[in-house]
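Here's a quick tour of one protein model, starting with its core and ending with a few strands. Take a look at the structure, then read on.

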Amino acid sequence: MLTISNPLSASQAQAYHAEEFSNARENYYSQGDQIRGEWHGRLAGQWGLRGEVREEHFQRLSEGQHPMSGEQLVRHQTAREYVNRDGRKVSPMEHRAGWDATFSAPKSVSLTALVGGDERVREAHRESVGIALDELERYVQARIGGNLPAETTGKWVATKFEHDSARPVDGYAAPQLHTHVVFFNLTETEDGEAHALQPRELYKTQQYATAVYRSELAARLKTLGYEIERGKSGQPEIIGYSEEYLAASSPRRRQIEEHLEKEKQRGADAAQIAAHKTREAKLNLSHDEVQQRHREIAEAFGNQPDRVVRASKETARDIEQEAPHRIVQSAMTFSKERNLEREAVVDERDLLRDALRRSMGDATFTEVRTEFEKRVGSDEFIEVEKKSGPPGRAFTTEEMIGYERETIQMMREGQNECPALASFETRREIDNHHPHLIQSQRVAVEQILASRDQVMALEGVAGAGKTTSLAVVREAAEREGYKVEGFAPTSRAAQKLAEAGIESSTLQRHLAQGNDQTGVQKHLYVLDESSLASTKQMNEFLHRLKDSDRVLLVGDTRQHQAVEAGTPYQQRQEAGIQTVRLDEIIRQKDPALKEVVEHLSRGEVKEAIEKLDTQGRVHEIPQQDERLKEIARDYIKQPEGTLVVSPDNRSRMEINRMIHTEMQKIG
């Protein structure tokens, strides 16, 4: 599988290169003292970096410099110590040199290649890593700066270092075939300008690249005569090894799992932290001594690697090479149904990922991609035009487009076809009974109650009083004989509707209950956070309406879009749905903070942060450990109503741990 590390500083990258990546002291199946790293990437080729990795080129790139001339290409931040408000010295992180992407072979593959001595398997791993890296590189983006979006370049400079052992546990280093790929914090845009790399899409591509690697590896192993089965995590494992032998050859995994259990944590990020905390000192053993230990363990379990290799060479003679057309077609159909059953628009990485997983061992990446492009060419998958955003392509189907057209048509057919939601007398009484409403809320309530459309919309920014306004609308509708019922895509949103006195459940639950039209009472359905409803959900929901029913869609086009990737709320607005707006923020009483919130409500994040900074509300602490400790200290001062936002799972777990520790100190 593929894992991508957190950013490496320049000194970390250089130290890793000297002590880990290129040092063969703990690479017990390599010849010589050095691991000959290799360059990878379009930008590496463009700069003349081919073949073996030289230390001076590696060091320059880690400093953000051109590998040949030494010219500084990206701004280099030098670490400078400073004294924090507690009087302690703090050292911020240096220049981000790059990231370490590690491809790890399944345990049975490592044993076959190393203890079994089948160099063909090691080569299959290398070739599979290369193909996965080519795909990963397509999603490289440049960090442009300012408020500008990242620009897709599709080229990087990377180095590959192949290793053959795991970290030692109790003095034993198990065989473990893996490849470290350091991709540097450099890329180049079309105009020839060098920029720092934006890694967000590379992290998002990990699952897809893992699927490419595993698919290629499985196909190659089968060609070599090995029988393959799917492991617990979906990895291709070579058949012929007992669970006991695999466990005995995986002490490092067992050590990490025991640490996670002790700390009561789980997940990939937690495993990375555990791996770092449980590292043992390097072994002072020769290559021959370690290999002899591997052979002794293999002998204790019946020399399984030797038997597996012999069996493969006998089987390989009988293999017929035939393109698995039906398997590939079936895998792509499975992926289409799996993804587009739940989503209206799907990233091509997701479609290819699931097809590769389904066909693993029976098809190559090239065969799966060819089938995918064939379906694109026949319009089975329809590419969705993107204004900006992530690299790569996104696709929908004719079925989903049909849902969108039909939903817009239903909405338009219901315009000006109904009586006002509430009579003039009811509207006047409601207005008199709620003097606490501010002017913007009064206007919004009046427009909703006077509407003659079957489907209407209420758009409001956070803190503008939507819940209060909805409570007044509910009261008026009930006076007119409507049963007011609320639906939302999430349980949390449904709870917000309940605060307005509206009986609520999730939209999913409503749709799952079936279409019961036996009731005679007319309904006003309030669908909150409509921007989170998918195209398919909205279509089914509108199909169930009776002529006397009314719908109020509540949302904000600037909120999160639907998880299922359709954007029916935004589509309805663009098609001319009557929209009532609440833009005046009343929740925030502090005038200075209210100005900040207004910027955020308009999507002006940069301006909002600048306002907070000028107000002295932004405290920058570059050193991560010190920053997390300070967050924990501030949180325990007033935990009620305090929200801590973390950019990733790893820092989230660290913050939670520190907060827990600080709270234990005060009892």
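In the largest nonpolar core, 61 residues come together, and F103, W156, F183, L202, Y226, F372 and F381 touch the most other members. A nonpolar core here is a set of buried Ala, Val, Leu, Ile, Met, Phe, Trp, Tyr and Cys residues joined through side-chain atoms within 4.5 Å; buried means under 20% relative accessible area (1.4 Å probe, protein chains only). Keep in mind that this is a predicted model: local features need pLDDT of at least 70, side-chain atom pairs count only at pLDDT 80 or more, and totals for chains, interfaces and linings use all residues. Residues are numbered from 1 along each chain as its sequence is written, and side-chain values use heavy atoms, leaving out hydrogens and water.

- Helices (H or I, at least four residues) and strands (E, at least two) are DSSP runs, numbered from the N terminus.
- A second, separate core has 29 residues, including L470, V472, V473 and Y482.

**Strand β20 and its partners**
- Five of the six residues in strand β20 (residues 483–488) are buried.
- β20 pairs with strand β22 (residues 523–527) in the parallel sense, over five bridges; pairing takes at least two DSSP bridges between two strands.
- Strand β21 (residues 503–506) also runs parallel to β20, joined by four bridges.
- E485 has Y525 as its bridge partner in β22 and E503 in β21.

**The whole chain**
- The protein chain has 27 helices and 24 strands.
- Of its 667 residues, 49% are buried.

Notes. Buried means under 20% relative accessible area, exposed over 50%, partly exposed in between (1.4 Å probe, protein chains only).
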